[in-house]
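Biologist: Could you walk me through how to read a helix and a pocket in a model? I'd like the general idea and then the case at hand.

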Amino acid sequence: MGTQIYVMGMCILVYFLSLNLVLVSSSSVLGRKNEKGTVYIDGRNAIGKIDEDFICATLDWWPPEKCDYGTCAWDHASLLNLDLSNQIFLKAIQAFSPLKIRLGGTLQDKVIYESKDSKLPCNQFSNRSTEMFGFTPGCLPMKRWDELNAFFEKAGALIVFGLNALAGRTIQSDGSATGAWDPSNAKSLVRYTVEKGYDIHGWELGNELSGSGVGTRVSAAQYASDLISLKNMLEEVYKANKSKPLVIAPGGFFDPNWFTEFINKTHNNLDVMTHHIYNLGPGVDTHLIDKILNPSYLDGEADTFRRLQNILRSSGTSAVSWVGEAGGAYNSGHNHVTNAFVFSFWYLDQLGMSSTFDTKTYCRQTLIGGNYGLLNTTTFVPNPDYYSALLWHRLMGRNVLSTSFSGTKKIRTYAHCSKVSQGIMLLLLNLDGNTTVEVNVGFNGTWSLLNKHPHIHKNRAIKWHQKEETERVRAEYHLTAKDGNLQSQTMLLNGEVLGVSSSGEIPSLTPLHVNSSELIVVGPFSIVFVHMPYIILPACK
């Protein structure tokens with residue numbers, strides 16, 4: 001009898017243990033968490049002001065033979081062979097009206113410009129392992145330059161062109177490039193451009209030659225002298241033009257000592273200080289997604305923006321800062337990561353973060369080419385980040401507002417004055433795949449506004465309009481990955497697939513309309529733009 005009771009007891013114990021395991025397992029699979037949090041917005045003053053055309057993308061020189069880690073991801077995406085007749089490509093650019101495009105990259109300092117004065121043949125890049133960056137110098141034929149400018153005019157793009165800054169220099173055994181920049185070939189290109197009436201928004205000197213450089217380097221003092229030579233050359237060639245292009249440099253990785261010396265020696269001849277960002281490391285890294293979804297890792301880049309902002313402020317210069325190139329992961333990115341939905345968390349966080357430090361323009365590497373293009377390299381079909389960029393461009397206004405979030409660290413928040421109303425635009429990123437967050441909105445964390453809107457708090461300086469029902473409705477744009485797959489290259493807007501039409505038309509980006517009394521619901525692994533036109537802040541007047 002005792003044995004039977006013992007056996008029966010053990011059976012009951014095993015049953016309850018098994019049931020408990022099933023319940024725990026079911027909970028982990030089916031039972032996603034719900035949390036609440038509050039985003040606080042300080043609307044008294046703007047903390048930064050971005051350009052109207054803040055969104056920028058790059059086009060590079062890499063030929064099809066450019067390969068990284070055994071993968072050749074560039075195809076025909078070079079400035080020299082890109083299909084300018086592709087209708088998706090044209091319409092993708094036109095959708096921004098305008099899109100700022102930076103032409104340049106690693107090989108720009110090996111580009112010769114065809115001209116009547118040049119005695120060198122106009123040859124194309126070719127593989128040679130003994131050459132810096134693995135390619136011989138290449139040439140830009142003026143016929144191709146004409147084609148590019150005709151296309152950009154039709155597309156309504158603003159063009160920044162990166163000039164070869166190694167012309168005339170000698171590469172030393174220690175890796176440094178010495179001697180003054182020879183502007184003669186660049187001058188022939190600029191003169192041809194002006195004579196043709198092509199509109200260039202800015203001319204940038206060099207690519208990644210600052211600090212320790214990539215491939216080679218130029219001292220800050222010499223670079224400042226060369227920058228002044230560029231400014232003088234542009235003044236001469238553009239002397240009959242009312243509109244003058246921006247003078248931009250150095251287009252390299254941030255080095256505080258180098259950048260400080262450079263800006264102090266340019267003597268206000270510089271309009272824009274550009275720097276590059278690849279803070280996720282090499283494209284071959286198998287932990288890229290972990291980094292992208294780690295708030296602490298994302299926070300790390302704030303130090304670069306902060307230090308550059310302080311350098312510009314303390315120098316007394318009128319120059320502003322741009323991110324001139326940012327692909328996240330260097331060496332062409334990583335397929336199904338830097339061209340997939342998950343990368344929008346990194347990209348939009350970068351746009352938001354850089355704005356808070358008064359960065360005026362942010363150029364994404366690339367518009368097309370490599371594994372980090374806004375457009376698919378072979379089909380030209382938009383990748384998820386294209387739609388993220390387009391929504392930012394259309395919604396986020398110039399004035400940047402200070403925000404903070406009380407709640408989970410997996411929510412990232414940014415706010416700007418709206419581009420389409422006198423109200424505000426809020427951006428929320430949920431880096432958590434198991435948690436839905438219901439978000440309150442507060443302003444300086446003070447009084448409750450109205451019982452009708454219990455989740456909103458206000459300050460005396462805020463005006464609240466509630467005359468009509470339509471003024472108390474907000475617009476929401478919820479971005480998610482198809483099938484919840486972070487590595488999907490298909491993005492959903494409010495549950496609907498975003499894709500081009502058969503004729504290459506970019507889809508309309510239609511929001512949900514939600515009563516202002518409702519909490520903002522941010523789903524797992526989702527991105528939400530929220531337009532609140534009924535909130536009028538002093539910073540947005």
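Modeller: Happy to, and keep in mind that this model is predicted. Let's begin with α11, which is mostly covered, with eleven of its twelve residues buried.

Biologist: Which residues of α11 are buried?

Modeller: Buried here means under 20% relative accessible area. In α11 that applies to Pro384, Asp385, Tyr386, Tyr387, Ser388, Ala389, Leu390, Leu391, Trp392, His393 and Leu395.

Biologist: Now the pockets. What volume does the largest pocket have?

Modeller: Its volume is about 390 Å³. There are 19 lining residues, and Asp299, Ile411, Arg412, Thr413 and Tyr414 lie nearest the centre. Two or more lining residues come from each of α8 (295-299), α10 (343-356), β17 (396-406) and β18 (411-418). β17 gives the most, with five residues.

Biologist: How does the lining of the largest pocket divide by class?

Modeller: Nine of its residues are nonpolar, seven polar and three charged.

Biologist: And what about the second largest pocket, which residues are closest to its centre?

Modeller: That pocket has a volume of about 300 Å³. Of its 20 lining residues, Trp62, Lys66, Thr106, Asn331 and Ser332 are the closest to the centre. By class, this lining has ten nonpolar, five polar and five charged residues.

How values were computed. Residues numbered from 1 in each chain as written. Predicted model: local features only at pLDDT ≥ 70, side-chain atom pairs only at ≥ 80, totals over all residues. Heavy atoms only, no water. 1 Å grid on protein atoms, 1.4 Å probe; cavity = no way out; pocket = protein on both sides within 12 Å on 5 of 7 lines; lining within 4 Å. Points joined across faces, edges and corners; volume = space filled by probe spheres on them. Helix = DSSP H or I, 4+ residues; strand = E, 2+ residues; numbered from the N terminus. Nonpolar A, V, L, I, M, F, W, Y, C, P; charged D, E, K, R; others polar. Buried < 20%, exposed > 50% of the residue type's maximum accessible area, 1.4 Å probe, protein only.
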